[in-house]
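Here are some notes to read with the model open beside you. Take the points one at a time and find each place in the structure as you go.

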Amino acid sequence: MAKNAANREIPLSLPGFENIKPFEGAFENTPLVRRDKGVRNVPKLNKLIDTVEQAVIKAGLEDGMTISFHHHFRNGDYILNMVLDVISNLGIKNLTLASSSLTAAHTPLIEHIKNGVVTQIYTSGLRGELGEFISNGNMENPVLIHSHGGRARNIETGTIKIDVAFLGVPSSDVYGNSNGYTGKSACGSLGYAKVDAEFAEKVVLITDFLVEYPNTPFSIHQDQVDYIVKVDSVGDPEGISTGATRMTKNPRDLLIARNAAEVVFASGYFEDGFSIQTGSGGASLATTKHLREEMIKRGIKASFALGGITSQMVKLHEEGLIRRLLDTQSFDLDAVKSIGNNRYHTEISASYYANPLNKGCAVNKLNVVILSALEIDTEFNVNVITGSDGVLRGASGGHSDTAVGSGLSIIVAPLIRGRTATVVDKVQTIITPGETVDVLVTDRGIAVNPRRKDILNRLKATALPLYTIEELKEKAQRVAGTPETIEFEEKIVALIEYRDGTIIDVIRQVKS
Amino acid sequence: MEKLRRTMLYVPGNNAGMVKDAHIYRSDSVMFDLEDSVSINEKDSARLLIFNALRTLDYEGIETVVRINGLDTPFGLDDIKAMVRARPDIIRIPKADSADDIKEVEAIIEAEEKLAGLESGSIKLMAAIEGPLGVINAYSIATASKRLVGIALGAEDYVTNMKTKRYADGMEILFARSQIVTAARAAGIYALDTVYSDINNEEGFINEVKLIKQLGFDGKSVISPRQITPVHRIYTPEQKEIDFALRVIEAIHEAEEHGSGVISLDGKMVDKPIVDRAERVLAMAKASGIMVHEDDI
């Protein structure tokens with residue numbers, strides 16, 4: 001027996017309750033509950049910290065820890081560079097950077113690799129000068145390239161343990177309820193950041209738009225958030241989202257789009273209640289236009305569209321042709337507005353989207369996905385990460401997740417891009433294994449993976465220009481020739497992780 | 001089956017990227033231009049590019065046409081010499097005003113074919129009529145050579161010569177169109193309409209295509225791949241036309257089986273114009289990608 005803080009005799013142990021802890025006072029064990037209860041005219045409790053520097057210190061960031069960021073601000077992101085500059089000034093080194101992806105905005109990261117602040121990187125993509133820097137072998141540890149679903153799996157299973165997540169948000173209240181569709185830096189869905197907010201040890205929000213409590217509906221919520229920093233700007237709106245994604249006028253893209261749409265129509269998957277995901281490339285977007293016309297003509301509707309949501313998808317949703325939108329990333333301003341306005345345009349996390357080890361991800365419910373490719377080989381393996389010079393210039397994204405999850409995965413690409421063939425004997429880097437790719441649609445013909453005899457038979461009943469993938473490769477090589485093999489050093493600069501956590505390929509240092 | 005020439009896609013002869021992909025949009029013909037779209041200082045390189053493209057690339061059965069420079073320019077003769085050896089299907093003569101313009105080109109082709117050891121007559125000709133004199137002489141132009149497969153209207157020069165300009169309703173070129181299509185029909189060759197240059201005005205383009213189809217033109221020159229599908233769509237027969245055509249063919253088969261010389265359908269006699277029209281409708285339908293299962297009939 002012991003007397004507790006409320007002056008009651010409390011036993012310390014009873015059968016079934018061997019470790020009873022007596023009450024110690026209302027505030028003793030809950031540090032976040034305000035102690036000024038009952039006192040009038042004091043500032044409301046908040047988690048605001050004056051500067052990023054103080055937030056880094058309060059979050060307890062130390063040498064060797066793992067920090068994370070999201071890439072919803074795309075090319076307009078200020079957050080990653082801002083935080084790393086602060087960390088660098090604090091003299092913290094040897095960090096693992098677990099960003100959902102890295103964009104052209106992140107060239108300054110090179111300096112922080114050089115000065116030893118960042119010594120390990122996990123990301124979906126690498127581009128621009130940063131991509132070249134990595135490809136030239138300037139980092140000791142290889143980069144791990146993961147898919148969007150693979151990252152969510154890594155974080156949820158603890159393979160990537162985030163110590164501090166620095167999450168830029170377009171709006172937040174003082175307690176951490178935040179969303180992506182209000183404020184001048186609106187980016188729409190915060191799908192990638194939701195995973196970090198849920199699993200990181202410490203969560204620091206950085207926003208340029210503080211709103212009245214409670215900021216509902218919210219994407220990241222108060223029970224996940226440790227600190228909030230208000231800054232002047234989290235990103236450049238121009239780089240965060242373009243207006244409506246314009247429909248391409250490029251005749252080649254339009255041709256590919258029409259063929260891709262015809263494949264969908266003939267595939268057997270195009271029926272009432274079907275579901276679809278398209279990429280943001282010209283041909284992909286233009287396919288949506290043909291889908292719309294045919295859906296109206298045949299009187300069918302889609303149950304949902306998934307993934308990166310575009311203005312085209314929003315338009316179809318608002319016309320009632322697509323009943324639900326599941327959005328892990330909003331590609332343009334129309335999608336950003338829609339996620340705020342449309343009841344059935346639902347934000348989803350990257351885990352809900354594509355984590356292969358959770359209890360059910362959305363890609364598994366997907367009927368048709370239309371994806372792009374830098375290269376595809378005669379085994380249907382797809383490369384979306386390394387260019388024709390072997391340098392990192394792309395992103396794994398949801399490519400392999402949707403290819404395997406969907407019933408019908410269609411790759412759209414010109415047969416010849418610039419002066420090089422898109423269809424090759426062996427792709428430089430495998431992101432998506434050929435066994436998960438069903439159809440290749442090019443401007444000069446269509447090839448069906450022989451594994452999909454059902455699709456092949458259906459397409460044979462149409463006037464579509466069908467070839468084997470070997471025939472397409474030969475057509476391409478007849479015009480473009482065969483490029484000389486790229487030479488690489490021995491050093492491995494990046495590991496390509498398949499969505500299940502296994503390594504499907506490696507990228508080597510390019511010979512200078 | 002009669003060759004379809006609904007669309008002839010203009011491709012500037014100095015644009016290697018477009019030249020290599022000219023056929024992928026499935027126009028009925030592609031026309032590599034050495035004339036107006038190529039500046040003076042690129043005439044040689046364009047000629048060389050088209051020569052090599054035709055000798056090297058596989059255009060997968062799409063008809064190839066080369067528009068040469070006129071013989072009144074320093075480039076026309078070299079164009080003909082090179083193209084006879086490059087073997088496009090058709091050489092298109094610009095600004096034809098009289099039958100002599102055709103005969104002159106024909107004579108040079110004839111001679112060059114001999115020099116190159118090629119079979120005589122394998123390269124066909126097409127002529128563009130681009131001025132009032134050519135319009136007046138349309139029939140004599142259309143009958144000037146056995147090689148000539150079609151005549152086309154080039155309206156831009158024509159309206160300038162006529163002291164007018166292009167209008168949306170096309171009244172200013174109605175006479176020229178009518179004269180050319182009539183001359184072509186009288187000569188038994190193809191009639192092709194002029195270009196529509198405002199590629200972003202889809203509605204205006206569609207109206208014009210409907211008009212020229214109504215006048216009896218076989219097709220139209222197009223300047224963007226985006227113009228191909230609308231033309232093909234308008235020239236695609238409607239299902240009821242296809243159904244009727246299939247029944248006409250069926251009636252012919254039945255008559256043949258019974259050794260009957262007279263063909264009748266629904267109690268009416270089917271004469272040659274109806275059979276010709278039926279065959280044309282089916283050819284158009286097939287070319288438009290509509291599956292016509294003649295086995296079913």
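Predicted model: local features only at pLDDT ≥ 70, side-chain atom pairs only at ≥ 80, totals over all residues.

1. Is Asp266(B) buried or exposed? Its relative accessibility is 54%, and exposed means over 50%, so Asp266(B) counts as exposed. You will find Asp266(B) in the loop between β9 (264-265) and β10 (268-269) of chain B. Check its backbone too: phi of Asp266(B) is near 50°, a positive value in a residue other than glycine.

2. Now look at Phe380 of chain A, which also has a positive phi without being glycine; here the angle is near 70°. Phe380(A) sits in the loop between β19 (375-377) and β20 (382-383) of chain A. Is Phe380(A) buried or exposed? With 1% relative accessibility, and buried meaning under 20%, Phe380(A) counts as buried.

3. Next, take in the sheet of chain A. Ten strands, written 10 in the list of pairings, form an open sheet with the order β3-β13-β12-β9-β4-β5-β6-β8-β29-β30, and the pairing is mixed. Which strands stand at the edges? They are β3 (48-49) and β30 (503-510) of chain A; each has a single partner strand, so one side of each is left without a neighbour in the sheet.

4. Stay with that sheet and pick out β12 (residues 202-207) and β13 (residues 227-230) of chain A. These strands run parallel and are joined by four bridges. One pairing to find by eye is that of Thr207(A), whose bridge partner in β13(A) is Lys230(A).

5. How many of the six residues of β6(A) are buried? Five are, and the strand is mostly covered. Four bridges link β5(A) with β6(A), and the two run parallel. Within this pair, Leu97(A) has Ile121(A) of β6(A) as its bridge partner.

6. The loop between β12 and β13 of chain A holds Pro214(A) and Pro217(A). The bond from Tyr213(A) to Pro214(A) is cis, with omega near -5°. Thr216(A) and Pro217(A) are likewise joined by a cis peptide bond, where omega is about -10°.

7. Tyr78(A) is placed in the loop between β4 and α2 of chain A. With a relative accessible area of 38%, Tyr78(A) is partly exposed. Which residues does Tyr78(A) touch, leaving out those up to four places away in sequence? They are Ser233(A), Val234(A), Gly235(A) and Asp236(A).

8. Move to chain B for a pair of helices, α2 (residues 43-56) and α3 (residues 76-86). Their axes come within 9 Å and cross at roughly 10°. That angle makes α2(B) roughly parallel to α3(B). The crossing is right-handed. Residues meeting here include Ile50(B), Phe51(B) and Leu54(B) in α2(B), and Ala82(B) and Met83(B) in α3(B). The residues of this contact divide into six nonpolar, no polar and five charged.

9. Finish with helices α11 (residues 239-257) and α12 (residues 272-287) of chain B. Their axes come within 9 Å and cross at roughly 125°. α11(B) and α12(B) are therefore oblique to each other. The crossing is left-handed. Among the contact residues are Phe244(B) and Ile249(B) of α11(B), with Val281(B) and Leu282(B) of α12(B). This contact divides into 13 nonpolar, no polar and two charged residues.

Technical notes:
Residues numbered from 1 in each chain as written. Chains lettered and ligands numbered in written order. Heavy atoms only, no water. Pairing = 2+ DSSP bridges. Axes fitted to C-alpha atoms, helices over the stretch in contact; angles between N-to-C directions. Parallel < 35°, antiparallel > 145°, perpendicular 65-115°, else oblique. Left-handed = near helix turned anticlockwise from the far one by under 90°. Contact = heavy atoms within 4.5 Å. Nonpolar A, V, L, I, M, F, W, Y, C, P; charged D, E, K, R; others polar. Buried < 20%, exposed > 50% of the residue type's maximum accessible area, 1.4 Å probe, protein only.
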